[in-house]
Amino acid sequence: MGPRKLNGKALVVMGCALAGALAVSLPSRAVPVNDPGPFFPLVGGHRGAAYQDALPRGATYQLDTGRLPAGVRLASDGRLSGTPSETGLFEAVLSVREAGGLSYPARISLTVHEADESDLPAQARSFRSSGSFSVDQEDLQVRIRSTFDQAEVRTLVRLYRPSGKRNAPLILFHRGRGFDYDMYNTLLGQIASHGIAVASVQDTLSFAGGSFGAQSFDYDFIRPELGMESASGVLEGVSDLLFQLADDPSDALFGAFDADNLFFCGHSRGGGAVHASHERSLRLRLKGLIYLMPFDLRYFAECAPPGLSPAYPIFDQSPRTPSLVIAAENDGDLTYPIADQLIDRATGPTTQVTVYGAVHNLISDRQRAEGNDTISRSSEQRQVADWIVAFVKRWAEGETDLDRRLYAGGHQADEDAAVASWNPSARTLVWEAADDADASRNALGQNLILDLRRQEYAVYPTVGNMTSLGLKHTVLSPQERISIWRMAADRPLEVADHKRLVLRMTQTSSVGWSWGSVWLRLIDAQNQVAWVQLHEPGGLGHLPEFGAAGHGSRHRRFADVHVDLERELLAGSATPLNLDQLLALDVILVRDDAQNARSVVVDAVRFE
Amino acid sequence: MGCADDAPPPPGAGVAPVVSEALAGRAPVAPVASSAALASLQRLKLDALPLDLGSAAALGAPAARELDDSSRAIAHETPEALIEDTLAALAAGDVLALARALRGPGGALTEDDAARAELRFLAPSAQQFWGRVAEAVREGNVDWVPGETPDEAWLVAHVGGAAGSYRIRLRREGEAWVLAS
């Protein structure tokens with residue numbers, strides 16, 4: 001079917017593959033139709049454990065629809081407190097009134113697990129196989145107005161829709177530089193087969209594609225950060241338009257998309273657009289953000305607050321909006337890998353996945369591998385789609401069993417990917433994140449060392465403007481065969497009600513973790529001891545094994561270690577350790593291969 | 001210092017580790033790996049490690065070991081010369097010269113300087129990054145952009161692809177240019 005133009009103010013002009021006529025006018029406002037309001041994921045709760053959280057200050061809040069768990073109250077100033085007495089996912093819509101009189105709805109989501117997390121399955125579901133939906137693919141040509149620079153943008157949009165599904169979650173996807181919007185059919189089709197609609201946007205304005213140059217040389221070449229912020233504005237314009245179509249009973253897309261479940265996703269520079277969108281995610285009413293081998297906009301000094309006009313600032317921390325960050329281990333393009341630093345700044349639920357052996361280009365259908373790929377294109381596409389589907393189903397469809405793989409260690413020591421996450425609950429107790437100015441102190445007491453050098457600095461490559469973030473990690477360099485870093489507490493800690501001890505770890509040698517063993521020793525106020533074996537050469541289940549499955553570089557990428565405090569402590573004294581009187585945690589390094597051992601890097605040590 | 005062999009028995013040490021059936025009042029089933037883990041613990045004599053680190057542990061890190069410089073010279077007089085010599089050192093895999101490029105001409109190099117140079121230049125992703133920078137420099141596809149102050153400069157290497165360009169910040173410390181960290 002040839003393109004079909006509409007008259008008047010209509011901006012959607014062509015339906016290349018749609019059977020019906022499209023008659024849409026320019027969106028008159030910059031918020032989605034049927035504004036669902038900003039989305040605030042609250043910190044998680046546990047049944048029977050004290051709970052508190054707070055919504056942004058300066059407004060009054062009133063529960064409108066939905067409910068909170070029994071035992072949790074919402075005060076009019078946005079503070080939540082109490083002790084939840086039931087488990088589950090609790091979603092509600094609030095009426096918000098700001099001091100200036102502005103009113104709007106806001107969505108909140110609170111997940112309450114059992115105190116021992118027994119409601120989380122041991123096994124994590126996979127979505128690597130195709131889902132049950134057949135996929136309808138259609139192209140639109142639309143004209144929208146970018147909210148970044150008010151430019152009128154004519155762009156192609158490829159829709160991937162799960163056949164027959166109404167009110168589907170919608171992902172707005174932005175291609176990377178050097179890629180076309182139709183180069184991701186396998187990946188996006190795989191996602192759609194699981195009941196998720198995807199709109200892939202061409203956007204010739206913001207940066208070059210595979211088959212065209214960019215309309216703006218400035219955005220593409222001179223100030224690429226502007227191109228990524230422009231791409232965010234284009235995605236916003238397209239999403240407004242699609243929801244307007246979905247709200248029009250006369251349109252073929254009527255009822256197709258669920259405005260309550262809008263996600264922005266992008267690859268490469270499109271991932272930079274996701275970062276720009278993250279900064280605006282409350283205004284954009286986003287449910288979640290999906291970064292694929294992305295640019296981090298803080299790479300550009302021009303994006304550091306206050307921002308060099310017309311760039312808007314990218315602050316050190318973004319809103320809590322749920323995020324999934326996928327990096328390619330052997331990325332030969334965005335090689336820094338700057339995307340890794342997003343997990344260090346996470347505020348809301350965040351999962352950082354580094355796919356072993358993956359490269360920048362193989363998630364597309366046509367671009368040849370640019371780096372040292374050690375997995376196939378198909379494998380890379382399926383793994384990326386798997387994570388995206390899991391993430392969207394968790395946040396759009398409330399499938400909280402997926403918390404196991406996204407946030408609770410379901411993928412530790414995974415053979416395919418390094419996974420790190422941040423999803424605090426009200427009981428999260430951070431012991432050391434190296435984020436203060438005093439290396440001799442942790443958050444709860446003193447740091448002691450025996451036969452190692454302990455320093456605090458970022459192990460990420462210092463490129464672009466990333467050092468302006470001031471990130472730091474704990475870097476442990478053993479000096480002897482056995483060495484110890486002790487996190488001491490000034491007073492005994494009560495952690496018996498916690499389920500997991502979590503450490504974000506990597507190491508800097510070129511031989512993975514095979515140079516020795518890593519142990520934890522927990523000591524209570526009565527000098528009772530318990531041990532945890534995190535790793536020994538050959539692999540023991542907590543840290544990635546080096547060199548398996550033909551991959552040779554499983555190092556220097558952070559992965560979380562989750563220690564189950566109920567099941568994994570080995571008693572080291574006659575009287576059992578008292579987890580309500582914990583006084584010290586030792587990280588013990590046993591260096592068997594002094595020639596190849598380098599440093600162990602630890603961050604975000606916490607009880608969950 | 002070998003911390004296991006000569007230490008006096010600490011409180012609780014010498015007690016043979018046992019698999020706990022009831023830690024802190026709980027009654028978990030220890031994982032299958034437990035017995036193997038306990039065997040490793042004993043083989044490594046970790047159960048003999050002192051509990052009280054106060055007498056043995058330093059509160060601060062021991063001084064970093066000093067290292068001799070590479071015979072390869074690194075010029076610090078101009079940003080351009082620094083980059084040229086850095087890329088040459090990188091091509092030779094000369095970590096000590098790379099450490100000097102980061103540190104500047106003053107003071108003795110240490111093992112920490114070398115470790116940071118390894119991370120910045122010789123990590124797998126870093127090698128890809130610098131390889132593309134070297135190619136851009138070789139082909140003249142670079143721009144030098146002044147920083148906000150005269151003591152700062154940016155090398156913008158036009159590498160193409162999705163990234164388009166890589167940005168490297170240099171700063172002047174006294175009279176010497178170094179790669180900013």
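Colleague: Which residues is A:Arg521 in contact with, once its neighbours within four places in sequence are left aside?

Modeller: A:Arg521 is in contact with A:Val529, A:Trp531, A:Asp586 and A:Ile588, where contact requires that two C-beta atoms, placed from the backbone, lie within 7 Å. This is a predicted model, in which local features need pLDDT of at least 70 and side-chain atom pairs count only at pLDDT 80 or more, while totals for chains, interfaces and linings use all residues. Residues are numbered from 1 along each chain as its sequence is written, and chains are lettered from A and ligands numbered from 1 in the order in which they are written.

Colleague: Why does A:Arg521 count as buried?

Modeller: A residue is buried if 20 or more other C-beta atoms lie within 10 Å of its own, exposed if 12 or fewer, and partly exposed in between; A:Arg521 has 23 such neighbours and therefore counts as buried. A:Arg521 belongs to strand 25 (residues 516–524) of chain A, strands being DSSP runs of E of at least two residues and helices runs of H or I of at least four, numbered from the N terminus.

Colleague: What makes strand 12 of chain A a partner of strand 14 of chain A?

Modeller: Strands pair if DSSP finds at least two bridges between them, and here strand 12 (residues 168–174) and strand 14 (residues 257–267) of chain A share six, in the parallel sense.

Colleague: Why are helix 3 and helix 4 of chain B called roughly perpendicular?

Modeller: The axes of helix 3 (residues 95–103) and helix 4 (residues 111–122) of chain B come within 8 Å and cross at roughly 95 degrees. Angles of 65 to 115 degrees count as roughly perpendicular, under 35 as roughly parallel, over 145 as roughly antiparallel and the rest as oblique, so helix 3 of chain B is roughly perpendicular to helix 4 of chain B. The residues of this contact divide into nine nonpolar, no polar and five charged.

Colleague: What makes strand 3 and strand 6 of chain B edge strands?

Modeller: Four strands of chain B form an open antiparallel sheet in the order 3-4-5-6. Strand 3 (142–146) and strand 6 (176–179) of chain B each have a single partner strand, so one side of each is left without a neighbour in the sheet.

Notes: Axes are lines fitted to C-alpha atoms, for helices over the stretch in contact, and angles run from 0 to 180 degrees between N-to-C directions. Ala, Val, Leu, Ile, Met, Phe, Trp, Tyr, Cys and Pro count as nonpolar, Asp, Glu, Lys and Arg as charged, and the others, Gly among them, as polar.
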